[in-house]
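Please open the model in your viewer and keep the sequence beside it.

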Amino acid sequence: MNSAERRPSRRAVLGAAVTAGLAAGCHAAPAPDAENRPGPILSTGVHQAGIMTPQQPQSHLLVVVADVSVAPGPLLAGLGRRILAVTAEKDARLLGLPAGDLTVTAGVGPRLVQTADPHLPGAKDLPPAAREAIAPACRGGDLLLQICAGDPLLPPIVAAALLATRGVRERWRQSGARGPHIAVSDGQTAPRNVLGFVDGIVGPRAPVEQQRDLWLAGPAPVAGGTIAVVRRMVLDVARFAALPVAEQEAVFGRRRDTGVPLSGGVIGDGPELGAKTPDGRYLVPAGAHVRRAHANVVGAGLMLRRSYSMDAPAPGLLFVSFQNDLHTFTATLASMETADALLPFTTTTASGTFLVLPGFDEQRPLGSTLFPS
C-alpha cells in the first residue's frame, strides 16, 4: 500500500464530514483520485470553452441567468478575468477544490446586444411558443453563465464567485446532469435523457458543419461567437413511461435500447424519412420527433445540443442549443408545434436566448469586441 492509499485526501476528509452531517440514508459521492481527475480545459481562444470543448461534455451543469444594471463593458471584462482565474485555480473562492475540467461559458441577452447594435446577431428575443408556463422572471435575461464540470461541487461554488459583483441580479438558475455516455461515432457520445432515450445524436460535428451552422463568421464584433437558446422543460415522465415501448419509440423515431433510427442502420445514422413498410407506412412516423426536428424537414441548419436532465423542481430537461442563426431554433420549434408527438409530454417553464461572446484572453477581455470597458 503506498502513502496515497494510507493517507486520505483533503477531498475525502471533506466528503466524510459532509456524510456525517447528512440525514441517515444519504451518502456523499467519493472524490476522484488525483490520477483519474480530468485535466484542465483551455478557456481561451477563438471560441469560448463549454461549446465544442471538451468533446465529451462534463457530467454536471449549472445555468444561471441574471439581469445587469451597470455598464456591460467593465462588468464583462471583470467577469472574464474571474473566469480565467477560477479555471486556472488562481481564485481562492474555489475553496481549495481543483478546477479539473471546469468550463464557464458567458453570453449576453438581446437587451444588451441591442445597446451595442440592434442589427447584430443575438439582438432578437425568442417569441412566445406553445406549451409554455413561464413566469416573467424566468423569461429572457441579460447575462447567461453556463458552468460545467465533472465535479458536482464546483458549479455552485464557481457561480457564487462569479456573481459576487455589483450590478448583477440573478433571475433563475437550474442544475442538471448528463446520463450515461452512449458512443455515437468517431469519438462522439450522447447521453440518455429522463425518458430513457439517447438525446442529442445529430449535430454539427464536422468542421465544415460547424462553420456553416454553429459559429458566427461576422460581423467582426461577434465573429467566433454563437447563439444559445436555453429552455427548462418539465417532462411528464409518468405518462410517457405508461406507454408501450413501441409507442415510446414512435414518439421519438428511434429504438429506445440502441438509439438506432426506426428506419434502420446504426445509431449515428440519420433517419431515412422516405423509408416505408411493404404496406406503405412510413417506418419513421409522421409525428416522430426525429422527423419534425430534422433539418431537411425544417429547412434550416443543424443545432448543437448540450442538454442535461434534471430532477428538480420536476423531472425534465434543461435544453441548451447553440446555432449561428436563431431561425434554426425558431423554425425547428415551429415544425415541432405542427405535429411533434413529443411536445404533449413537455411544458417549458423558463426560456431565453443569448449571444455567446467570442473567445477572450487577458489581452482581449470578455465582451471587448462589443462593449467598451
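The stops below concern charged side chains and then cysteines in this predicted model.

**Stop 1: strand 1 and strand 4.** Select aspartate 67 and arginine 171. Their side chains form a salt bridge, with N and O 2.9 Å apart. Aspartate 67 belongs to strand 1 (residues 60-68) and arginine 171 to strand 4 (residues 168-177), so that parts of the chain 104 residues apart are linked. Aspartate 67 is buried at 15% relative accessible area, whereas arginine 171 is partly exposed at 23%.

Stop 2: Select arginine 111 and aspartate 142. The closest N and O atoms of this salt bridge are 2.8 Å apart. Arginine 111 is in helix 4 (110-116), and aspartate 142 is in the loop between that helix and strand 3 (143-149), so the pair ties together parts 31 residues apart in sequence. Aspartate 142 is buried, at 6% relative accessibility; arginine 111 is partly exposed, at 44%.

**Stop 3: a further pair.** Select glutamate 170 and arginine 173, whose side chains meet in a salt bridge at 2.8 Å, N to O. Glutamate 170 is partly exposed at 33%, and arginine 173 is partly exposed at 34%. The model has 12 salt bridges in total.

**Stop 4: the cysteines.** Select cysteine 138 and cysteine 148. Cysteine 138 is buried at 13% relative accessible area, and cysteine 148 is buried at 0%. The count of disulfides is zero.

Notes:
Residues are numbered from 1 along each chain as its sequence is written. This is a predicted model: local features need pLDDT of at least 70, side-chain atom pairs count only at pLDDT 80 or more; totals for chains, interfaces and linings use all residues. Side-chain values use heavy atoms; hydrogens and water are left out. A disulfide is a pair of cysteine sulfur atoms within 2.5 Å. Buried means under 20% relative accessible area, exposed over 50%, partly exposed in between (1.4 Å probe, protein chains only). A salt bridge is a side-chain nitrogen of Lys or Arg within 4 Å of a carboxyl oxygen of Asp or Glu. Helices (H or I, at least four residues) and strands (E, at least two) are DSSP runs, numbered from the N terminus.
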